[in-house]
Amino acid sequence: MSLLSQDLQDKINYVHNDSFVNTAPISADSISGGGTGTVTITFNNKSFMTPPESSLGGFSSVSKDSFLIFINDLEAEHEAWSIEESGNNIVVTVNETKINFTMDSSDEVFLHGKFE
């Protein structure tokens, strides 16, 4: 039995990525714009995970720091991409100059983090 309330345990787990982060990354559904400098990568029917309700407050919203992007098995540095929700999808925009690589639609891209 834990001495921590469930509310506090939820907050600790969320902050430390223990039980709220998906353990299996998802692969991109579409990649467009390769060779133009800006690539758009879409993960269909995925959204940012909403922090659990808490009477304690203080949950930070899901942000770029809640995710990792892997392109052809290499982690893309956070400065090279941005992430947002668009409708029912998660959309990642990659700056090809910052990854020093020209992407195309056959590249393998995975998202790991707080999505549902």
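Me: How many bridges pair strand E4 with strand E8, and in which sense?
Reply: Strand E4 (residues 67–71) and strand E8 (residues 109–113) are joined by five bridges in the antiparallel sense, where strands pair if DSSP finds at least two bridges between them. This is a predicted model, in which local features need pLDDT of at least 70 and side-chain atom pairs count only at pLDDT 80 or more, while totals for chains, interfaces and linings use all residues. Residues are numbered from 1 along each chain as its sequence is written, and side-chain values use heavy atoms, with hydrogens and water left out.

Me: And which residue in E8 is the bridge partner of Leu 68?
Reply: The partner of Leu 68 is His 112.

Me: What order do the strands take in the open sheet of four?
Reply: The order is E1-E8-E4-E5, with antiparallel pairing. The edges are strand E1 (26–27) and strand E5 (74–75), each of which pairs on one side only.

Me: Stepping back, how many helices and strands are in the chain?
Reply: The protein chain has two helices and eight strands, and along the sequence they follow the pattern α-β-β-β-β-β-β-β-α-β. Helices (H or I, at least four residues) and strands (E, at least two) are DSSP runs, numbered from the N terminus.

Me: OK, what does E7 pair with?
Reply: Strand E7 (residues 89–95) runs antiparallel to E3, with six bridges joining them, and Val 39 has Val 94 in E7 as its bridge partner. Strand E6 (residues 81–86) also pairs with E7 in the antiparallel sense over six bridges, with Ser 82 standing opposite Thr 93.

Me: What's in the turn of the E6 and E7 hairpin?
Reply: Two residues lie between the strands of that hairpin, and Gly 87 in the turn has a positive phi of about 65°.

Me: Changing topic, how many aromatic pairs are there?
Reply: The structure holds one aromatic pair. The ring centres of Phe 48 and Phe 67 are 5.3 Å apart and their planes are at 40°, so the pair is tilted; rings of Phe, Tyr and Trp (its six-membered ring) pair if their centres lie within 6.5 Å, and planes under 30 degrees apart count as stacked, over 60 as edge-to-face and the rest as tilted. Phe 48 lies in the loop between strand E3 (38–43) and E4, whereas Phe 67 is in strand E4, 19 residues apart, and the pair thus links distant parts of the chain.

Me: Are those two buried or exposed?
Reply: Phe 48 counts as buried at 15% relative accessibility, and Phe 67 is buried with a relative accessible area of 1%. Buried means under 20% relative accessible area, exposed over 50%, and partly exposed in between (1.4 Å probe, protein chains only).

Me: What about Glu 84, which residues is it in contact with?
Reply: Leaving aside neighbours within four places in sequence, Glu 84 is in contact (heavy atoms within 4.5 Å) with Phe 48, Asn 89, Ile 90 and Val 91. Glu 84 is found in strand E6 and is partly exposed, with a relative accessible area of 45%.

Me: Last one, which residues have the most contacts inside the largest nonpolar core?
Reply: They are Ile 41, Trp 81, Val 94, Met 103 and Leu 111, in a core of 22 residues. Such a core is a set of buried Ala, Val, Leu, Ile, Met, Phe, Trp, Tyr and Cys residues joined through side-chain atoms within 4.5 Å. E3, E4, E6, E7 and E8 each supply at least two residues of this core.
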